[in-house]
Amino acid sequence: MHQFLVFVRKEFYHIFRDKRTLLILFGMPVVQIILFGFAITNEIREAKIAVLDQSHDYYSRRLTDKLVASGYLITDQYLQSNNQVETAFKAGEIKMVVVIPAKFGEDFFHQKKVTVQLLADAGDPNTATTLLNYATAIISSYQQELELQNNLPLTINTTVRMRYNPALKSVFLFVPGVMTLILLLVSAMMTSITITREKELGTMEILLVSPLPPAMIIIGKVMPYILLAFVNAVIILSMGVGIFGMPIKGSILLLLLECVLFVLTSLSLGILISTVTNTQQTAMMASMMGLLMPTVLLSGFIFPVESMPEPLQVLSNVMPAKWFIIILKDIMLKGAGLRDIWLQTGILAGMTLFFLGISIRNFKIRLN
Amino acid sequence: MANPIIVNGIYKNFGATQALQDISFEVKEAELFGLIGPDGAGKSTLFRILTTLLLADKGNATVNGLDVVKQYKAIRKIAGYMPGRFSLYQDLTVEENLHFFATIFNTTITANYDLIKDIYEQIAPFKKRLAGQLSGGMKQKLALCCALVHKPVVLFLDEPTTGVDPVSRKEFWEMLKGLKGKGIPVLVSTPYMDEAVLCDRVALIQKGALLEIDTPQNIIHRFPQRIWAVRAENMFALLLAIRAFPQTASCYAFGEYLHVTLKAGEADLASLQAYLQQQEHTEMKILPITASIEDCFMALSA
């Protein structure tokens, strides 16, 4: 036991005396979560639109106000004629033009029908579609408001409620993804690097020619990273909650325990990588290419698993990250308990044991 | 009791390269045994086989009576090993390194302090310094301390003096002599031929094969020919001239002299002198010398 503690202490010396390791361990997660959280978003805020109001009556002005009041759109300019529409788009600032026909209010009440034209810049189709959806929603709610005042014909209204994420905030999608990614990278990359470093510097040679059992070498090297990765998990969680307003509806204890489990899964992956690589460079590349890319692409972090072709959907099941993202979302957003996520938890635990098993089989008690 | 190190017919290949072929020797109790040969001769490979880090293709070896393959765990408890490359933690201080290696061998610095005292006292003034910032000689002394701290039964030192300044090399060999006094058998390798005479016995190794095993004195005595050291102002012209001389048996450059042997020995000396005097060599000197291990090595590997 004393041997083990001294080994772990040695490992802490390595970490705290190496500025680069420290920076990667604690700097990278903070920077990444801020970058991902703020930069990668598919929400649209304050998109500039132009209004061509040919009616200039009370109702058309109310409609314009409603559009702006949403916060998603701001009226950048008021156009005077159809000719100006093209020029406005070409200037590039305007994403959508709302054309309100002449006699808007009059037609609405007397002919019971009026057409509002929405012109969107579909150079960026995603933005265009989103803007049109926003605008259509706002216009139809305005319509209902007017109908209620006049008790006009019976209509069916749908009431939509977005559960668990009522404001449809994309951070709720990204923060669990980023947390997962960072925990995976930090844990797997750092362990694979720290073990291969001993091989590269030749110190593994001395450790092997010592009475230390291989398991103690590995556990001793990995132990500090379990602690540090857990600290990281807590930092990331508190940033998610503090900066991005993620809720934690479920039990914090369960959440932390699941974090520990995922850290262990990632560490075991790191150990596995270290048993098949001999230099820090290859270990780093293997972690980056072998873990980062597939995780980003296949875990459902950015691209929904449901919309992938079937073979990729099957493949996504072997990504530990996929299961942890589900666990995180379920606990944080839905307040799920262990009963709801036992399957995912079991899968992660199974993967951890599997990776450890292979690593033990692969660990070389001699040099190549 | 059997000898502490017994090597018996070891072969090792790396792909097509034959790293070791039919290596056999024994190291006796309290013996300082040198493995002498140039880089790439297979010295480190042999060390790794004996320290249980590599498996030989053929042959067997025992360390303190333990088989290097079957009883590798037991050997790892009793052997002291200093690899050829500096293999301590550069970002740990002298003291931390020593403490760490003492602990992983289940002992303490104080328990075996008498063994490392003489060596450790030389580096003790720098005990708070990071190992990576030590000079080459200091690093090797620290590495030796770390290899000795658990009071090994057998000590393996792979090129401990490579990259070390001449003064430190001398000090290092004195330390090894001191260890011999404590009864620990030492297998040490070196590419420096001049260090061979400091060993009790040596094995000369070249391209994976042993050339000779004996005491350095015997090897030198057995050197069959008279040998002369020759020098002149233009050494290169002299080398070409002597090699062109029909009675020359061998001529190699050794520092500032050429070492020359002649086919008929003493009888040819006069004709060599006459031959060289015809040519315009300035400040020429010819001195009879006794052969060094390096001369023997060159003669054996030729």
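**Figure 1. Leu55(B) sits in the loop that runs between helix 1 (43-50) and strand 4 (58-63) of chain B.** The model shown here and in the other views is predicted. Leu55(B) has 14 other C-beta atoms within 10 Å, so Leu55(B) is classed as partly exposed; a residue counts as buried if 20 or more such atoms lie within that distance, and as exposed if 12 or fewer do. When neighbours within four places in sequence are left aside, the contacts of Leu55(B) are Arg366(A) and Val69(B). Lys12(B) is 43 residues away from Leu55(B) along the chain, but the C-alpha atoms of the two are separated by 8.1 Å.

**Figure 2. Helix 1 of chain B is largely enclosed by the rest of the structure.** This description applies because 8 of the 8 residues of helix 1 are buried. The buried residues are Lys43(B), Ser44(B), Thr45(B), Leu46(B), Phe47(B), Arg48(B), Ile49(B) and Leu50(B). After helix 1 of chain B comes Thr52(B), which has a positive phi, near 70°. The loop that holds Leu55(B) lies between this helix and strand 4 of chain B.

**Figure 3. Chain B meets chain A through 23 residues of chain B and 21 residues of chain A.** On the side of chain B that touches chain A, the elements giving two or more residues are helix 2 (72-78), strand 6 (79-82) and helix 3 (94-104). Helix 3 of chain B gives the most, with 4 residues. By residue type, this side of chain B divides into 12 nonpolar, 5 polar and 6 charged residues. One contact between the chains is that of Leu55(B) with Arg366(A).

**Figure 4. His99(B) is a residue of helix 3 of chain B.** The C-alpha atom of Ile109(B) is separated from that of His99(B) by 6.4 Å, and the two residues are 10 apart along the chain. Helix 3, where His99(B) is placed, gives 4 residues to the side of chain B that touches chain A.

**Figure 5. Chain B contains 10 helices and 14 strands.** The C-alpha trace of chain B spans about 70 × 45 × 35 Å along its principal axes. Chain B has 302 residues, of which 43% count as buried. Among contacts in chain B with a separation of 6 or more, 71% are between residues 24 or more positions apart. An unreviewed UniProt entry lists residues 5-232 of chain B as "domain: ABC transporter".

**Figure 6. Chain A is divided into domain 1 (12-40 + 169-362) and domain 2 (47-150).** Domain 1 of chain A is given as two stretches of sequence, 12-40 and 169-362. The C-alpha centres of domain 1 and domain 2 of chain A lie 48 Å apart.

**Figure 7. Confidence scores accompany the predicted model.** The average pLDDT of chain B is 90, and 100% of its residues score at least 70. For the model, ipTM is 0.85 and pTM is 0.79. Where pLDDT is low, predicted coordinates should not be read in detail.

Methods
Residues numbered from 1 in each chain as written. Chains lettered and ligands numbered in written order. Predicted model: local features only at pLDDT ≥ 70, side-chain atom pairs only at ≥ 80, totals over all residues. Contact = placed C-beta atoms within 7 Å. Nonpolar A, V, L, I, M, F, W, Y, C, P; charged D, E, K, R; others polar. UniProt positions renumbered as here; feature names shortened; annotations may be inferred. Domains from an automatic or database assignment. pLDDT = per-residue confidence, 0-100.
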